[in-house]
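This report describes selected features of one structural model. The sequence and the structure are shown first, and the description follows.

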Amino acid sequence: TETAGTATATTTTAATAAGTSAPPRPLTAVPGGTRSPLTRVEGPEKVTGAARYAAEVPFENVAHGWLVGSTIARGRITAIESDAVRAMPGVVAVIHHGNAPAINTDYQSIMGTPDPILGLFQQDTVPHVGWPVALVVADTSEQAREAAEALVVRYEEEPHDVVFSADSPDFYTPPPNMLGPADTAKGDLDAELAASDVVVDEVYTTPEEHHSPMEPHATTARWDGGRLDVIDSNQSTMFVAGELANLFQVEPASVRVRAEHVGGGFGSKMVKPNQIAAIMGASATGRPVRVSLTRRQMFTMVGYRSPTSQRVRLGADAEGRLRALDHQAKAQTSRVAEFLEPCASTSRVLYDAPAHHTSHRLLRLDVPTPTFMRAPGEAPGAFALESAMDELAVRGGIDPIALRARNEPDAGPVSGLPFAGRNLTACFEDGARRFGWADRDPRPGVRRDGRWLLGTGTAAATFHAGAGPSTASVTAEADGTYTVRINATDIGTGARTAMVLVAAETLGVDPGLCRVHIADSDLGPAMFAGGSMGTRSWAWAVSRAAGDLRDVLAEGGDIPAEGVTARSDTTEALGSLAEKERHSFGAQFAEVAVDTATGEVRVRRMLGVFAAGRIVNPLTARSQLVGGMIWGLSMALHEEAVRDRASGAQVGADFAGYHFSANADVPVVEAHWVEDHDPEDPIGIKGVGEIGIVGAAAAIANAVWHATGVRHRHLPIRPDRVL
Ligand code: MOS
């Protein structure tokens with residue numbers, strides 16, 4: 001503990017200091033809330049339009065950059081005819097591989113080797129459609145766009161292959177990564193399958209899917225007295241600042257990244273071409289430069305979820321106890337970088353069997369590199385595994401919930417490590433009671449409501465829980481208020497609000513007395529908003545600093561003008577955690593109606609019960625879980641990116657062509673949680689960001705089977721597939 005002056009975060013823009021919000025007004029309890037709920041502390045700023053996003057922060061003399069993406073899927077740039085475009089109104093720079101400054105991509109970060117797409121304009125080769133080939137900078141956004149669209153780029157095309165075919169002979173075994181080895185194997189699969197009373201052996205597929213946060217990727221960058229000042233929409237200012245320092249080969253201390261408000265981020269909002277382009281533009285023009293991706297560009301430049309093909313083999317005895325589990329997962333990556341959608345991870349956690357095998361295989365295609373997208377691995381993985389478990393239940397004449405209860409493992413099926421809490425059975429029991437599962441007639445295709453067939457389904461959910469090292473400070477101000485500083489990012493999750501609650505609870509003061517500064521790399525290292533680890537990681541650091549401050553304040557004495565500050569760093573505490581299987585769990589339920597005339601599937605209700613550790617703010621946690629479940633509905637029925645094999649490009653790369661759940665598709669969605677305090681976390685948190693989507697699509701597909709008697713193993717469950 002130390003006393004320190006409160007370093008006020010200053011900014012030369014018209015916006016408020018990054019991450020600063022007015023002290024919140026606590027609400028009265030909402031029904032069903034288990035802890036003190038609080039509306040978003042930045043809510044008034046957001047609903048009044050006062051909140052500034054990365055492409056809105058005003059700068060004097062700002063110029064606008066517009067990226068040009070390749071129209072071919074593979075080949076080489078032979079000419080960029082920039083002279084005509086340079087003469088267009090307002091154009092101040094055209095940057096491309098012929099004149100771009102050097103970018104360093106030869107380094108390793110916590111995410112591994114950078115995707116070569118970050119080496120903007122460093123090569124004349126084009127490895128996929130939409131690959132950035134030029135940046136046009138102009139006085140206005142309209143001028144930049146007009147000039148960018150007028151820019152003639154000539155290519156020498158080479159044959160490309162963009163077709164993800166599960167039968168391809170070119171699948172390879174990826175090297176081990178942070179999630180473990182490609183393959184795990186124990187026991188004799190053939191022998192156990194042969195000895196099983198009930199067997200399932202099926203292939204499940206999910207299509208290419210895209211995250212397109214409401215706010216597109218956007219950056220405003222400028223050189224500010226030798227320092228790079230980057231206002232950006234991202235999931236971690238610390239990570240982005242570190243990557244930019246590496247890419248531009250400048251001192252880490254000379255890069256400042258802020259992300260005051262972020263309109264959504266689901267894995268893609270890390271370092272992408274927009275930041276590099278804005279900085280290059282700023283260097284070339286000496287002006288602040290803003291680059292915002294278009295919705296269409298987001299389908300090629302920021303990553304997506306790989307299509308998957310998953311063979312699942314299950315064998316069980318007459319009571320439903322698994323003897324064999326084999327999950328073979330295939331996904332795609334690009335020619336230039338490796339990203340694995342780790343679907344079989346689900347099977348490494350949910351169920352054990354004497355013969356238990358999992359594998360991942362990858363196929364390189366001339367496509368953009370896939371990336372993390374909400375519940376990477378688990379979302380498609382649980383669709384396959386939990387559909388297969390439903391098939392096993394049907395074939396074995398066992399209730400689907402009883403089947404899962406019968407297969408609760410004592411330890412991690414692959415790791416052998418103990419679970420740091422599981423509570424999956426508690427989720428199913430609570431969910432069954434709330435949903436009304438006990439009255440369910442297991443026979444398929446026998447419930448009618450006019451021309452609709454009705455059915456219900458369930459599935460398990462899991463997502464890993466963890467924490468990353470973070471630093472924080474909490475200051476008792478002389479005026480009786482408290483200031484929390486932590487480099488968290490609020491991607492819409494309510495992170496600010498959660499930190500206010502954690503600090504207030506630890507200090508034993510009213511949340512209205514606490515303000516929080518976030519999302520500024522100058523605040524120091526902290527975990528990124530990802531992997532469902534943000535709130536837990538940041539709360540750990542904030543509660544430690546607040547606890548130390550409380551102890552200091554308890555000694556009495558006056559608070560000096562500069563306040564009293566306590567600081568924390570959780571690096572050592574996290575390093576000494578015992579090795580365990582740490583995950584959140586959940587039970588998903590859905591009721592569907594299937595139109596026998598049109599093949600349309602309507603979800604009538606969804607209900608999820610989760611064991612996700614202690615819930616910090618019921619209001620925003622519920623929104624996270626419900627949001628994930630709605631995405632699961634979208635995954636089950638709507639989402640499918642279609643790639644044209646001739647051009648290698650997306651068909652309908654926009655919100656008209658890429659279907660997803662809209663309000664009219666979304667029924668009553670309930671999210672609940674069971675008591676699930678994580679004893680190893682100072683607050684008991686696990687994480688709620690991603691688990692909501694996991695298993696939701698399987699619950700719907702299982703409900704469609706129950707309604708119709710037809711099993712759907714390929715997503716989305718489109719009307720033409722139902723008929
Ligand atoms: Mo999440 S896929 O770690 O943003």
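Helix α8 comprises 19 residues (residues 378-396), which at 1.5 Å a residue should span 27 Å; the C-alpha atoms at its ends are 25 Å apart, in agreement with that expectation. The model is a predicted one. Of the 19 residues of α8, 18 are buried, so that the helix is mostly covered, a residue being counted as buried if 20 or more other C-beta atoms lie within 10 Å of its own. Gly397 follows α8 and has a positive phi, near 65 degrees.

| Domain | Residues |
|---|---|
| domain 1 | 63-159 + 212-301 |
| domain 2 | 165-207 + 305-416 |
| domain 3 | 419-465 + 582-723 |
| domain 4 | 467-575 |

Between domain 2 and domain 4, the C-alpha centres are separated by 40 Å.

An open sheet is formed by 7 strands, with mixed pairing and the order β3-β5-β1-β12-β9-β10-β11. At its edges are β3 and β11 (255-258), each of which pairs on one side only. From one strand to the next, the twist averages 20 degrees. Strands β3 and β5 run antiparallel and are joined by 5 bridges; His96 has Ala134, in β5, as its bridge partner.

Two helices are described in relation to these strands. Helix α6 (residues 273-285) lies across β1, β3, β5, β9 (218-224), β10 (227-232) and β12 (289-292), and runs at about 35 degrees to β9. In helix α3 (residues 141-150), the buried residues are Gln143, Ala144, Ala147 and Ala148. These four lie on the same side of α3, because the arc that they cover around the axis is only 130 degrees. An α-helix has 3.6 residues a turn, and therefore residues three or four places apart point the same way. The packing partners of the buried residues of α3 are β1 (63-69), α2 (83-86), β3 (91-96) and β5 (132-138).

Where is Ile117 placed? Ile117 belongs to the loop between β3 and β4 (125-126). Ile117 is buried, because 25 other C-beta atoms lie within 10 Å, against a cut-off of 20 or more. Apart from neighbours within four places in sequence, Ile117 is in contact with Trp131, Pro273 and Thr369. Asn104 is 13 residues from Ile117 in sequence, and the C-alpha atoms of Asn104 and Ile117 are 12 Å apart in space.

Definitions and conventions
Residues numbered from 1 in each chain as written. Predicted model: local features only at pLDDT ≥ 70, side-chain atom pairs only at ≥ 80, totals over all residues. Buried ≥ 20, exposed ≤ 12 C-beta atoms within 10 Å, placed from the backbone. Arc of directions from axis to C-beta. Contact = placed C-beta atoms within 7 Å. Domains from an automatic or database assignment. Expected span 1.5 Å × (residues − 1). Pairing = 2+ DSSP bridges. Axes fitted to C-alpha atoms, helices over the stretch in contact; angles between N-to-C directions.
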